Amino acid sequence: IVLSQTVIVAIGAIGMTMIIISGGIDLAVGSTIALTGVITALGIHAGLSPSVALASGILVGGAVGVINGLVITRLKVVPFIATLGMLGVGRGTAKWVAGEQTVNMPDTWVNELLVMFPNPPWLLVAPGVWIAIVLAIVAAVVLRNTVFGRRVFALGSNEAAARACGIATDRLKIWIYGLAGLLFGLAGVMQMSRLRQGDPTVAAGSELDIIAAVVIGGGSLSGGEGSILGSMIGALIMAFLRNGCQQIGWPNYIQEIIIAAIIVAAVALDRWRTNRAVA
């Protein structure tokens, strides 16, 4: 159950890890998840094949990421402000295309991605869990063993030095935000699968969980540090925290306070480690 609950945050954390390592941030994750879930549900509702509808949702997420990258690189808007603006644009667009209501759809295999008891039983866990594991392995290999991955770390460590070494930093940022957007789009599909409908109001505040997962896993908001394995462990910790709070019976606002406090504590610890290393 906890693994299934972790999938959405885990997939989002893979994309966010790349962004944070590069020295950026994306606050529009929640609205991107809502928008892509609605787009996928609308496609299935309109009679498109589930595969085409799923691909459409993921590509919309990639398009949102590319737009973020272009605003950051071409208009020179800092990532915090650029993605904060996209948060409102994405959420508003999701409500507009959905007609400000949930989008129901017929049963398809897409609805089985996050079931607690998979069919066939030999899968042991939901298909979405296996998808998240495979993506995490691929992302870890790419970040640690490819030229692209080394350039992402170089960009986050010192952008001026990376540019001086001949790295096309603006183009690299667009690629990073675009790839992360594809992952956020997939997270939106998973969210839609869990709810079995497209909801334009869903995932509000999920960016906190995703950013917290990356920071808890060792990612530095200053850039240049982070790992996929750490982010996956962070995502599991967030899932156990939420599940534990629900089991205890604590209300949702207590959960939000705890998660916000964890983010502040993790960032404070990261700054302390950085200052100590400099000293």
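Buried residues account for 49% of the 279 residues in the protein. Buried means under 20% relative accessible area, exposed over 50%, and partly exposed in between, with a 1.4 Å probe and protein chains only. This is a predicted model: local features need pLDDT of at least 70, side-chain atom pairs count only at pLDDT 80 or more, and totals for chains, interfaces and linings use all residues. Residues are numbered from 1 along each chain as its sequence is written, and side-chain values use heavy atoms, leaving out hydrogens and water.

The protein has 11 helices and two strands. These are DSSP runs, numbered from the N terminus: helices are H or I of at least four residues, strands E of at least two. Their order along the sequence is α-α-α-α-β-α-α-α-α-β-α-α-α. The radius of gyration is 18 Å, close to the 19 Å of the globule rule for 279 residues, so the protein is as compact as a globular protein of that length. That radius is taken over C-alpha atoms, and the rule is 2.2 Å times the number of residues to the power 0.38. The C-alpha trace spans about 55 × 45 × 35 Å along its principal axes.

Contacts mean heavy atoms within 4.5 Å. Of those between residues at least 6 apart in sequence, 78% join residues at least 24 apart.

Now the cysteines. The whole structure holds zero disulfides, a disulfide being a pair of cysteine sulfur atoms within 2.5 Å. Cys165 is exposed, at 66% relative accessible area. Cys245 is buried, at 6% relative accessibility.
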